Amino acid sequence: MSSIADVLDRLTRKGEVYTGAEKGAVRCLACGHRCLIKPGMRGVCQVRFNEAGELRVPFGYVAALQADPIEKKPFSHVTPGETALTFGMLGCDFHCGFCQNHFTSQAMRDPASASSIELIRKISPQQMAEAARQARASAIVSSYNEPLITSEWAAAIFKEAKAAGLKCAYVSNGNNTPEVMEYLRPYLDAYKVDLKSMNDKNYRQLGGVLQNILDGIQRVHEMGIWTEVVTLVVPGFNDSNAELWEAARFLAGLSPDIPWHVTAFHRDYKMTGNGDTDAATLRRAADIGREAGLHFVYAGNLPGRVGEYEDTFCPGCNRPVVERRGYRVRAYRITGEGKCPHCGTVIPGVWTREPGEVKLNGAGLPLPMY
Ligand code: SF4
C-alpha cells in the first residue's frame with residue numbers, strides 16, 4: 001500500500017513561490033518559515049520538497065470540498081448570506097494542539113491522521129469553478145488546512161474563479177511573506193487570519209513566531225485586501241485580560257475597522273485538559289475589543305448565547321445593520337453603496353450591490369460536495 005507521502009508527492013508540480021540557492025538547494029517563500037531545502041529534503045510543512053534542485057508543490061487535488069455559508073469562515077463583512085465554495089488540501093506549517101482540522105492539517109506528521117488519504121479527490125481548476133457554479137457560490141475560499149503552503153494550486157483555481165466573476169479568499173494562520181502576498185495579490189478579495197496568542201512562547205509551541213503573524217496581518221491590511229481576524233479563546237492558554245487587551249490594542253492600532261472575532265474553543269485533538277470556553281469568557285473578550293476601540297467585534301461558536309455580539313452595528317449611529325444567529329443572516333440593512341441606511345455612515349467591508357437579494361434565514365449549514 002502507498003504511504004500518504006507517496007500519494008501526495010505524485011500530486012505535485014513545479015512551484016513558483018521560491019528561489020534557487022547554493023548546491024541545488026531552494027529557498028521556499030510561501031510562508032514565514034522560509035525553508036532552505038536541500039535536494040531530496042522537505043520543508044517544515046512536509047508537502048513541499050526539493051526534487052533535483054526544483055521545488056515540487058501540491059497541485060491538482062482537494063481533501064475537502066464544501067459549500068459553506070460565508071459566515072462560517074468566519075467573514076462578517078463579506079457578502080453576508082452568500083455561499084463560499086471552500087476547499088482544503090493536506091498539511092500545515094504549524095502543529096497546533098487545539099487544531100479543529102487536525103485530520104487533514106496534520107496528515108503528514110500524525111499517524112492517527114493517515115487515513116485522510118482516503119479524502120483525496122483529483123480535480124482541475126476548471127472543475128472547481130464549475131463546482132462553484134453548481135453550488136451557487138459567489139466565492140471560492142482556500143481553508144481547512146493552511147492555504148499558504150499550497151498557494152500555486154490556489155492561484156490556478158483563483159484564475160478560473162476570477163474569470164467566472166467569483167470572489168477569492170484565504171482562511172490562514174497569517175504566517176505569510178511579502179513574496180507570497182505579491183503572488184496572490186491579483187486574486188485575493190479577502191483574507192482571514194487566526195491570531196492565536198500575543199505570547200511568542202505560545203506561538204513557538206504551535207510552530208510559529210508571533211512577530212511573523214503580526215507582520216502578516218499588517219501586510220494584508222495595508223495591501224488593501226479585506227482583512228478579518230479571529231482569536232480562538234482557549235481557557236488557560238490565551239484568555240487572560242492582559243493578553244486579550246494586547247491583541248485588541250494591536251488590531252485597533254492598525255485600524256478600528258478590522259473585524260475581530262473571538263470564538264469559543266471546545267476540547268479537541270491534543271488539547272483536552274483545558275475547559276471549553278463559556279459565554280461569559282467570550283463576552284469578556286468581546287467587551288475588551290470594544291473598549292480598545294474596535295468598531296466590529298463578534299463572538300462566535302456559541303449562537304444565541306452572546307447577546308448582540310453576533311450582529312453588526314453602525315459605528316456612526318450604533319443601530320444594527322446586520323443581524324445574525326450562528327451562520328444565518330436574520331436581517332440585512334446595509335445599502336447597495338455599503339452605507340448605514342439610517343445615518344449614511346460607510347460600513348467597511350465587501351458588500352453586495354443588491355441588498356434586496358440577500359438570502360435571509362437560510363439553512364446556515366455546510367453542504368459537502370462529495
Ligand atoms: S510553505 Fe513554509 S513550511 Fe512549507 S516549505 Fe515553504 S517555507 Fe517551508
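1. In this predicted model, strands β17 and β18 form a hairpin with six residues between them. Within that turn, Asn 318 adopts a positive phi of about 65°. The two strands, β17 spanning residues 312–313 and β18 spanning residues 320–325, run antiparallel and are joined by two bridges. Phe 313 has Pro 320 of β18 as its bridge partner.

2. Strand β18 also takes part in a hairpin with β19, here with two residues between the strands. Gly 326, located in the turn, has a positive phi of about 60°. Four bridges connect β18 to β19 (residues 328–332), and the pair runs antiparallel. Across this pairing, Val 322 stands opposite Tyr 332 of β19.

3. Which residues are in contact with Ile 140, leaving aside its neighbours within four places in sequence? They are Leu 85, Met 128, Ala 132, Ile 157, Phe 158, Ala 161, Leu 166 and Cys 168.

4. The chain is divided into domain 1, covering 4–58, and domain 2, covering 61–368. Their C-alpha centres lie 27 Å apart. Contact between the domains involves 21 residues of domain 1 and 27 residues of domain 2. On the side of domain 1 that touches domain 2, the elements giving two or more residues are α1 (4–10) and β6 (54–58). The largest share of that side, four residues, is from α1. By class, this side of domain 1 has 14 nonpolar, four polar and three charged residues.

5. The residues that surround the ligand include the cysteines Cys 28, Cys 31, Cys 35 and Cys 45. Also in this shell are Ala 30, His 33, Arg 34, Gly 43, Val 44, Arg 48, Asp 93 and Ile 149. How many residues of each class does the shell around the ligand have? There are seven nonpolar, two polar and three charged residues.

How values were computed
Residues are numbered from 1 along each chain as its sequence is written. This is a predicted model: local features need pLDDT of at least 70, side-chain atom pairs count only at pLDDT 80 or more; totals for chains, interfaces and linings use all residues. Two strands pair if DSSP finds at least two bridges between them. Two residues are in contact if their C-beta atoms, placed from the backbone, lie within 7 Å. A residue is near a molecule or strand if its C-beta atom, placed from the backbone, lies within 6 Å of it. Ala, Val, Leu, Ile, Met, Phe, Trp, Tyr, Cys and Pro count as nonpolar, Asp, Glu, Lys and Arg as charged, and the others, Gly among them, as polar. Domain bounds come from an automatic or database domain assignment.
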